[in-house]
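Dear colleague,

Please find below the structure that I am handing over to you. My notes on what was found in it follow directly after.

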Amino acid sequence: MRKLYIVIILQVILIRIASAQIGGEYTYDFLNLTNSARMAALGGNQVALNDSLDLNVAYNNPSLLKADMNNLLSLNYVDYFAGISYGYAAYAFGTPLPGNFAVGMHYINYGKFIEALETGEKTGSTFNAAEYALNILWSNRYKRFTYGVNLKPILSSFENYQSIGIAADLGLSYYSKSQNTVLAVVARNIGTQITTYYDGAERESIPFDMQVGFSQRLAHAPIRLAATLQHLQKWDLAQPEEDNSGTETVYVEDGFAKKFMRHMVLGIELLPSPNFTIRAGYNYQLRQEMKLDEKLSTVGFSWGFGFRIKRFQINYGSARYHLAGASNLISVAINLNDGLRRN
């Protein structure tokens, strides 16, 4: 009973922090967390961004990994709520083999917990909980198409209970002749739980996500527009809501437009100079799941900025998940080559 108690409590914590609240049906939900400040500012997820200086875009879509990213180092850190922190680090490198390669590490640290029995009695001991996913990325090009894969061995450790899993992301992108338009298809988290947290437990599903994306950099204005449709493997993302306005309680489902918008993540980038960018995003699903009817505020909206100084690229993103506060993300990229290249 004690081991069930520990696993259930920690899974509930992760369900509450997983973006868009599509979680709760899977294990390893930390795989859905936004990894970088830029992605957080653009609504939490964009899979069709053409930027050879941002290695983080390959985390969302491995086909966006480019040869120009060789020797780029990316570091991301989030000081999250309630003592929880997570981050992602990645490095791209060249090899004699065909294609482009990168490695990364995605982790979440839930902090230190006071151990208690199922009756609530404290034992006087403490324990830690964390999850890790190694990222091994590869991509290649065929004419205007790029394709890639991200292989992710997973370790989940809650106190003395560990689980091992394996997942993979598959991505395909198409670039217009001008490189200003990108279309992408991504299948994320294809895989399985290899070992369970304790003997006799059933294997749980991991959070598979089918996505398509689009981005357009305007030819005559310093603006990039981006949109991603996520969770396409499940059309209806909402439960029917109670309507007590009449004499009896009825349940009302979203119409087509609202169901469609729950899949949509919108982002915009203003590029006033090659070294400075302003960003904003909107996540309708997140807003609907985390809002309070009494006060909508800016839940679901996000913003941020980025700038470059010589070899360094620094990004900041702020996403409002609920009225209790915003999540602030910092990303630092370092170009280890002789000079800083630009698109």
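Which residues does I154 touch, not counting residues up to four places away in sequence? They are Y28, F30, L31, Y132, A133, S163, I164, G165, I166 and A167, where contact means heavy atoms within 4.5 Å.

Before the remaining findings, a word on the basis of these notes. This is a predicted model, in which local features need pLDDT of at least 70 and side-chain atom pairs count only at pLDDT 80 or more, while totals for chains, interfaces and linings use all residues. Residues are numbered from 1 along each chain as its sequence is written, and side-chain values use heavy atoms, with hydrogens and water left out.

Overall composition

The chain has 5 helices and 16 strands; helices (H or I, at least four residues) and strands (E, at least two) are DSSP runs, numbered from the N terminus. Of its 343 residues, 50% are buried. Here buried means under 20% relative accessible area, exposed over 50%, and partly exposed in between (1.4 Å probe, protein chains only). Among contacts with a separation of 6 or more, 55% are between residues 24 or more positions apart. The accessible surface comes to about 16,200 Å², and carbon and sulfur atoms hold 60% of that surface. Accessible areas come from the Shrake-Rupley method with a 1.4 Å probe, and for residues only the protein chains shown count as cover.

Nonpolar cores and surface patch

In soluble globular proteins, nonpolar side chains tend to be buried together. A nonpolar core is a set of buried Ala, Val, Leu, Ile, Met, Phe, Trp, Tyr and Cys residues joined through side-chain atoms within 4.5 Å. The largest such core has 28 residues, and I154 is listed with Y28, F30, Y86, I108 and Y110 as having the most contacts inside it. Two or more residues of this core come from each of α2 (37-41), β3 (100-116), β4 (122-142), β5 (145-158), β6 (161-175), α5 (284-290) and β15 (312-322). Another core, of 23 residues, lies apart from it and includes M39, L42, Y59 and V186.

On the surface, V103, M105, Y132, L134, I136, L151, L155, I164 and I194 form a nonpolar patch with about 680 Å² of accessible area together. Patches are made of residues with over 30% relative accessible area and no salt bridge, with like charges joined within 9 Å and nonpolar side chains (Val, Leu, Ile, Met, Phe, Trp, Tyr) within 5 Å. Strands β3, β4 and β5 each give two or more residues to the patch, and the largest share, 3 residues, comes from β4. L134 is found in strand β4 and is partly exposed, at 33% relative accessibility.

Salt bridges

Side chains of opposite charge can pair when their charged atoms come close. The structure holds 8 salt bridges, each being a side-chain nitrogen of Lys or Arg within 4 Å of a carboxyl oxygen of Asp or Glu.

- R38 pairs with D51, with the closest N and O atoms 2.9 Å apart. R38 is in helix α2 and D51 in the loop between α2 and α3, 13 residues apart. R38 is buried at 3% relative accessibility, and D51 is buried at 6%.
- R188 and D169 meet at 3.9 Å, N to O. This pair joins strand β7 to strand β6 across 19 residues, and both residues are buried.
- R224 pairs with E269, the closest N and O atoms being 2.6 Å apart. The partners lie in strands β9 (residues 223-229) and β12 (residues 264-273), 45 residues apart. R224 is buried at 7% and E269 at 2%. Through shared partners, salt bridges join R38, D51, D54, R224, E269 and R279 into one network.

Individual positions

N71 lies in the loop between α3 (57-60) and β1 (72-79); its phi is near 70°, a positive value in a residue other than glycine. N71 is partly exposed, at 26% relative accessibility. Its side chain makes a polar contact with that of N337 (3.0 Å). A polar contact is a pair of N or O atoms within 3.5 Å; within protein, one must be able to donate a hydrogen and the other to accept it, and residues adjacent in sequence count only if both atoms are side-chain atoms. N337, in the segment after β16 (325-335), is buried, with a relative accessible area of 15%.

K143, in the loop between β4 and β5, also has a positive phi, of about 55°, although it is not a glycine. K143 is exposed, at 64%.

With kind regards
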